[in-house]
Amino acid sequence: MWAKTDRHGASLRSGGPAWNPLPAHLFDTAATARQLWDHYLTPALRTRLTQDLGDGDEALARAVTAFYAALHDLGKAHPAFLNQFGRGRHATPTLRTARTTWENAARAEGLPLPHTWDGIFWARHEHVTAAVLPSLTGCDCGPAGCHNRAHRALHTAAYSIAAHHGHIPDHDTVTRAYGSTPPQWTPVHHDLVQAVAAITKVDTTRLLNHVRLRRPSALIALTGLVVLCDWVASDETHFPYRNLHHTDDAWWTQAQHQAAAAISSLRLHRWQPTNTTWQDLWPGTTPRPFQADAMRILPETGPALVIIESDTGSGKTRLALWCAHHLAARNGHQGIYMAMPTRAATNQAAAELEAFIPRTLRTGDANLAVVHSTAAATPIVHRLLDAARPPQPPEEPANPLEDLLSFITSPTDHTDHDPTPTHQTPAAPRAVLDPWYLRRCLGLIATFGIGTIDQLVLATQKSRHWFLRMLGLMGKTVIIDEAHAYELYQQHLLTTTIEWLADAGASVIVLSATLPASVRHSLTTAWTTGLGVHLQDTDDTGPITVVDETGQLHRTGPSPTTAPALNTTMHLDPDPGPHDLAAQLLTQAAHGGCIGIVRTRVASANALYEHAQAQAEQHGWHHDEIILLHGRLMPRDRQPIEEQLTHLLGPGTEHNRRTNSPNPHRPHRLLVIATQIIEQSLDIDLDHMTTDLAPIDLLIQRRGRVHRHTPNNPNRPTWCIHPALRILYTPDPATPHLPLVDPPAPHQAGNPDAFVYAPYTLAATFHTLHTRRHPDNLIRISTPRDSTPLIEAVYGPLQPTDDNHWNPLLHRTWTQWQTDLKSETDEAANRAVHPYNGPRRTPTGIKELASGTAHGSGDEGGQTGIRAVSRLADPSTTAICLYQQADNTLTYDPRGHLPADLDNHTRSTSPQSIAAHRQQQRDLLLNTITIPATWFHGPNAIPAPETWPLINQPALRHSPVVLLNPNGTCISGPTTRLAYNPTSGLGRY
């Protein structure tokens, strides 16, 4: 029987056979499972699997885990699968010849192949595994369903390992697979099971006594682990095809050696943190008082939920990393995953994590995966990839770089990888990245990972391979940054993920400048629900909350009245319109000052930028002193702007940080016009900020970009020596003293910002600030003292007001907001997969976890209403933008200085081809653009991507393509409906 065929000819080129025997692959997978048990799984996950697969005996549980991992492909011993040899789109003349040879040999050995292949019943091999395995491991209830409760765990295990292609099958699917399996194959299946039992040393007659799989985290750990084992063991370069003349014992011996080498090469190891101090992690620094307070109350044993609430720039990230190091050292956590609100925030924080990792490693290197859709275009990913590659002798070509673009637009399950260790132990540990982890889901498997929050949100929905995502998270300390920035739908799914992490023995750290009490309560409730304990609150106070594994809650940190105060003056002004506003800003900072304005919408930012540039010379400004940044730019245009802002307005070099000295590159004056991405993505310091009216928590967050770096304080202009925030609102034409917060409607004026933020949160924020006005019309707040009262005034229960003008607006928008929130909560509840359900905390079973292809890949695939989604907004479309010059050549830039290399460089392994392929992939990713889903609907809709003309170039086979002429007008794709400008970005007309 065969398990895999040499579709790409790699085995034949190396002198190997054209197909790999099924028992050999089963043995490879079992050996990989044993290695991952020893080196990857955390002590907590091993304990849970020991309870559910080994009746408390860890050695037995390790063996049973390897046994089940091996048998994931048992169903390949079936005519429907075996008939695929040498057929289909991957068939080559060589494979068709090999099929004839194989079939003749198989019949000669007595394999019960059908006399004719016509009319055989089809079933997927993983479903056959689920159908036939229980009866071979102790269940005698028959195919109609198991009625013996003692046997049901055997079915659960079989369904679990049958999920290795992405979905846990349902009962009807498995029943059909059972009906398709000829009875003469039962002895073959029995022999395979016994062969695996022999090498893993499992007594199949006693599995009924050992297998329980009652704990949800153990069930998902097994399911995800089998997928990981299969992906590693399916790599032909780590596990070359076996020759038939070898014995089972020889195969098993070889499998164990190759599995150890594969795990070492891929660095699939738990984090082994050093015993270190704060000063070792960040030389030349000492913990701030609030950081030291948090460090004192962390538990010495067991996992924990840590919630850190502190102003922007106070050092939350470093405290979170220290906590993660402490918790890993105490609990054996496998690594860290940092969840960020945006891709830009991810890229910035990744550099800090990259510097942190080597200081925590005892020996060797560790993988750091950056997980978002354009990660492969970022400099840090290429730097990590370079660090993972050994120096190549001149006469030996380097290994081909994986097709980075296909990881994003057309992900697959497996990749080739060099079988020999691709790293030599360096003099000092490093953060590196093996290309293997660029595949879908595998970024979460790497020891260290940082990416967008979407990964956590998808991990608790029935998307394809969701349990592999969860496996990667369940072994880590998960850090959730900017927790206040997520919509209610995401927050609900995040709390579900926290339930799973608590059940698995992981730790969670939540960072936020401000959290409503309701959100804080939902986090602690999720943690104790996952643990199955009651929350034991104390009388402690403080902005730092720690809940241990027993449910004991402690708080610490400076009280709002004793913490260092950040005093800010705010004032509410009507929006004067882009022309007058531009004049005001240019006049305000004419004699100095680095100022910024945050606009809610890209259109508003673009309009203001155009007016500011038009008036620049009139006010004595240079055009390059006005910078525009928003999210509707290609990475090729956006990244240089972000780097420029960080260079000019950031904290400076590491030397500047250590010596508390100002950034020497800070300009005399600068005007930054941006959307809200600036509040989360960039570590910059402004002398003054103007902002559109936004929810109160975001205003507090934006305040954190004003006077952020104290070394700059002595050099600030006198007019902005004190922190100030100017808040612009649109007056209601009917009642000008109230803000206009409703969206536009037919024949009715409105505020388009209400399409972005809930009208109630805008109205309540304005009302809350308005009631704090002093006689001079200024609003003075001091954070953190005022943070909680302000947040609760907006996000807490609706409070009555004596102002008859305000009551109708607040009550109307509140009612609509509650309706919308309920809709979001219901949507999340329908999608979320909880580990336990109901007041009796009933464990979620395998039937409730069954999914199907309609749920999709978790990357926007699947049927509407069923597919897993990380955000409730309709999924956007990612396209590649290229410029077509007058001579029909394609370029990456409008001037034609960067010709687009679209050739196929994957057919050669020469160093020149590898370098060209790598540059090509980075260039294409730098030219990706996201098209909002709303643009495909309505009266001015653009055509759907599937209708766009195809560009006949090998490198463009994965993505829709927008062709632009040099002036930015679309000439192919959604023709004449889109335009792009390197400054104003993508537009529709």
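**Salt bridges in the predicted model**

D826 is partly exposed, with a relative accessible area of 33%. In this predicted model, the side chain of D826 forms a salt bridge with K822, the closest N and O atoms lying 2.8 Å apart. The two residues are four positions apart in helix α32 (residues 806–831), so about one helical turn separates K822 from D826. K822 counts as exposed, at 53% relative accessibility, the threshold for that class being over 50%.

A salt bridge between E642 and R638 has an N to O distance of 2.7 Å. Both residues belong to helix α26 (residues 635–649), where a spacing of four residues places them about one helical turn apart. E642 counts as buried at 11% relative accessibility, and R638 is likewise classed as buried, at 13%. Both assignments rest on a cut-off of under 20% relative accessible area.

The pair E352 and R318 is joined by a salt bridge with an N to O distance of 3.8 Å. Because E352 lies in helix α17 (residues 343–356) and R318 in helix α16 (residues 316–331), this contact ties together parts that are 34 residues apart in sequence. E352 is partly exposed, its relative accessible area being 29%; R318 is also partly exposed, with a value of 22%.

Salt bridges also occur as a network, in which R666, D685, D687 and R716 are linked. The structure as a whole holds 33 salt bridges.

Conventions:
Residues are numbered from 1 along each chain as its sequence is written. This is a predicted model: local features need pLDDT of at least 70, side-chain atom pairs count only at pLDDT 80 or more; totals for chains, interfaces and linings use all residues. Side-chain values use heavy atoms; hydrogens and water are left out. A salt bridge is a side-chain nitrogen of Lys or Arg within 4 Å of a carboxyl oxygen of Asp or Glu. Buried means under 20% relative accessible area, exposed over 50%, partly exposed in between (1.4 Å probe, protein chains only).
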